[in-house]
Amino acid sequence: MEIDVRKEEQTVVISLTGRMDAVSAPQFDTTADDLLAQGDRRFIINFETLEYISSAGLQSILALAKRLETVDGSVVLCNLSGPVKEVFEISGFSCIFNIFDNLEDAKASG
């Protein structure tokens, strides 16, 4: 999995490419931990080029959300499609997170 991090004003946009599974999810966790340690509190996760997410990937996203709750932060998701969107719907995670159709709408939400 590739992780691209861009900071735009007070928001961090994390774009994921490839597969987020038990092998690659720890890489996401490390990136998120580093950003939190730097004081970042508003995150947008862009799934536009993510092909697959496993339960380990879902756990990583949920763990970030829970950590952000404790510091009045937030995470929103955007560009879910295909198998990734299906996993979020089947798991019930689509009801837990604010999900936007595109990055522009996600940015405007905050």
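The following paragraphs lead through a predicted model, from its sheet to its helices and then to one pair of charged side chains. Because the model is predicted, local features need pLDDT of at least 70 and side-chain atom pairs count only at pLDDT 80 or more, whereas totals for chains, interfaces and linings use all residues. Residues are numbered from 1 along each chain as its sequence is written, and side-chain values use heavy atoms, with hydrogens and water left out.

The sheet is open and has five strands in the order S1-S2-S3-S4-S5, with mixed pairing; strands (E, at least two residues) and helices (H or I, at least four) are DSSP runs numbered from the N terminus, and two strands pair if DSSP finds at least two bridges between them. At the edges are strand S1 (2-8) and strand S5 (98-100), each of which pairs on one side only, and from one strand to the next the twist averages 25°.

Contact here means heavy atoms within 4.5 Å, while axes are lines fitted to C-alpha atoms, for helices over the stretch in contact, and angles run from 0 to 180 degrees between N-to-C directions. Helix H3 (residues 82-91) lies across S3 and S4 and runs at about 115° to S3.

The axes of helix H1 (residues 25-37) and H2 come within 9 Å and cross at roughly 15°, which makes H1 roughly parallel to H2, a term for angles under 35 degrees. Among the residues that meet are Phe28, Ala32 and Leu36 in H1 and Ile61, Leu64 and Leu68 in H2.

How many salt bridges are there? With a side-chain nitrogen of Lys or Arg required within 4 Å of a carboxyl oxygen of Asp or Glu, the count comes to six. In one of these, the side chains of Lys7 and Asp40 meet at 2.9 Å, N to O. Lys7 lies in strand S1 and Asp40 in the loop between H1 and S3, so the pair ties together parts that are 33 residues apart in sequence.

Note on methods: Angles under 35 degrees count as roughly parallel, over 145 as roughly antiparallel, 65 to 115 as roughly perpendicular and the rest as oblique.
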